[in-house]
Amino acid sequence: MLNHKSMKPIYVQIAEWLENEILNHRLQAHDKMYSQYQLAELFNINPATAGKGITKLLDDDLIYKKRGLGTFVSDEARLRIIQKRKEETLQTLIDELVLEADYLNVSHDELIARINQTRKGGSYDG
Amino acid sequence: MAEVELSDVTKSYRNQEAISSLTLNIPDQSITGLIGPNGAGKTTLLNLIAGIEAVTDGEVSVFGNEPLENLSVAANLFYVHEDMMYPQDFRISEVYQAFKKIYPNWDQALAENLSEHFNLSLKQMPRDLSKGQASTLNAIIGLAVQTPVTMFDEPTTGMDYGVRRDFYRALLKSYIAHPRTIILSSHLLNELEDLLEHVILLDHGELELMMEMDELKQYAVALVGEYDSLIDQQSILYQDRLDLNQQYWVIKHPGETTLQDLRRHGFTISPVAPSDLCVYLTQMNRGDVDHVF
């Protein structure tokens, strides 16, 4: 599940895995979050690294703390994740896509046609 | 005050310095890796902390005490190393009984269960074990004593990959159950990446770097590309020519903006494994092997 060849630090990968759990509805609003020790066991990593992943979600207001009880998924977590992924992940991919398309002299129309084709579930054979 | 502190410590053997003016605090309640090439001073450092050897100069403090022949340090610090000696005529079960008497937190169930898992019979005698089995026995004892500070010097010597992996997992689970200060010396940093919170890199008896594992992973990036005019020469840790046009650089992480810039200029960017980075950092001090020929 963890990718050691990625540029992304392990704690960021943990944070993204948790975000995916929320996106997939496996963790719902007000569900109890995994503890850093559960994550450390699950991913076979140092608990401090797992803790940093949880802190990242706290910083992004995706989870909230209840004194003595642990952390729980925020009301708006799923919507915030979708919004954030659009602005960050998706935009980065689009930047790279456009860069590569320009590099290969792919026209605007061809690029759009390819995207549409992929969305329909096939591959472009222009 | 940290549990284990070194202040300007030097250890010399016949005027040869094995440790040179080393000052550092081992992070409490953390798993720290002690990394470095052979002869970097890893074992000497552990011997000094354990109080097996005396410093030539400077101060070592363990729980506020000088460790040399100190009983309270001996009761709170356990040191797993290759030359551990057990009474000649003891079986493993008797060794465990002896540890149980000395160390109040000794976990007999963990020792027995790990022995069974690793196929060590309690009836065997330590002197009859193979090198790998002896390492396994030492490692089991190091996990079961549960002292506030536990040090492992190259604990996996002679172990198969599968046994090493299980030992790392056992160490992690034991640490989660009972957080304590653990120091692990090894040259197999790639196997320890996920286990360690902190890394200390020694070279020639000196501190090359000490940082969190996460920072170390972000410390450098690898670039493949053509022109080096965009690269800050000061930040180059390693370089190698791949072919006539392409060159490979390892540089200090220049920040995300500069990385984007380099990417736009056609550089391929990839992460640098911490174990490789440690080799590059220590090689800078001696040049790579090609220079010999």
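Analyst: What follows treats the contact first, then its salt bridges, and finally a surface patch on one of the chains.

This is a predicted model, in which local features need pLDDT of at least 70 and side-chain atom pairs count only at pLDDT 80 or more, while totals for chains, interfaces and linings use all residues. Residues are numbered from 1 along each chain as its sequence is written, chains are lettered from A and ligands numbered from 1 in the order in which they are written, and side-chain values use heavy atoms, with hydrogens and water left out.

Chain B brings 21 residues to the contact and chain A brings 18 residues, where contact means heavy atoms within 4.5 Å. Between them the two chains bury about 1700 Å², of which 55% lies on carbon and sulfur atoms; buried area is the accessible area (1.4 Å probe) that two parts lose on being put together, summed over both. Of the area that chain B buries against chain A, 34% is supplied by Ile176(B), Asp194(B) and Asp214(B), more than by any other three residues.

Nine residue pairs are in polar contact across the interface of chain B and chain A, both residues being at pLDDT 80 or more. A polar contact is a pair of N or O atoms within 3.5 Å; within protein, one must be able to donate a hydrogen and the other to accept it, and residues adjacent in sequence count only if both atoms are side-chain atoms. On the side of chain B that touches chain A, the elements that give two or more residues are H6, helix H8 (213–219), helix H9 (256–264) and strand S13 (268–271) of chain B, and H6(B) gives the most, with five residues. Helices (H or I, at least four residues) and strands (E, at least two) are DSSP runs, numbered from the N terminus.

The count of salt bridges between chain B and chain A is four, and over all chains it comes to 18; a salt bridge is a side-chain nitrogen of Lys or Arg within 4 Å of a carboxyl oxygen of Asp or Glu. Glu41(A) forms one with Arg169(B), with the closest N and O atoms 3.3 Å apart. Because Glu41(A) lies in helix H2 (residues 36–43) of chain A and Arg169(B) in helix H6 (residues 161–177) of chain B, this pair joins two chains. Glu41(A) also forms a salt bridge with Lys173(B), where the closest N and O atoms are 3.0 Å apart, and since Lys173(B) lies in helix H6 of chain B and Glu41(A) in helix H2 of chain A, that pair likewise joins two chains. Glu41(A) is partly exposed at 29% relative accessible area, as are Arg169(B) at 26% and Lys173(B) at 39%; buried means under 20%, exposed over 50%, and partly exposed in between (1.4 Å probe, protein chains only).

Lys52(A) and Glu212(B) meet in a salt bridge at 2.6 Å, N to O, and the pair crosses from helix H3 (residues 47–59) of chain A to strand S9 (residues 206–212) of chain B. Lys52(A) is partly exposed at 27%, and Glu212(B) counts as partly exposed at 25%.

Turning to the surface patch, Leu90(A), Leu93(A), Ile94(A), Leu97(A), Val98(A), Ile112(A) and Ile115(A) form a nonpolar patch with about 540 Å² of accessible area together. Patches are made of residues with over 30% relative accessible area and no salt bridge, like charges being joined within 9 Å and nonpolar side chains (Val, Leu, Ile, Met, Phe, Trp, Tyr) within 5 Å, and accessible areas come from the Shrake-Rupley method with a 1.4 Å probe, where for residues only the protein chains shown count as cover. The largest share of the nonpolar patch, five residues, comes from H4(A); Leu97(A) is found in that helix and counts as partly exposed at 38% relative accessibility.
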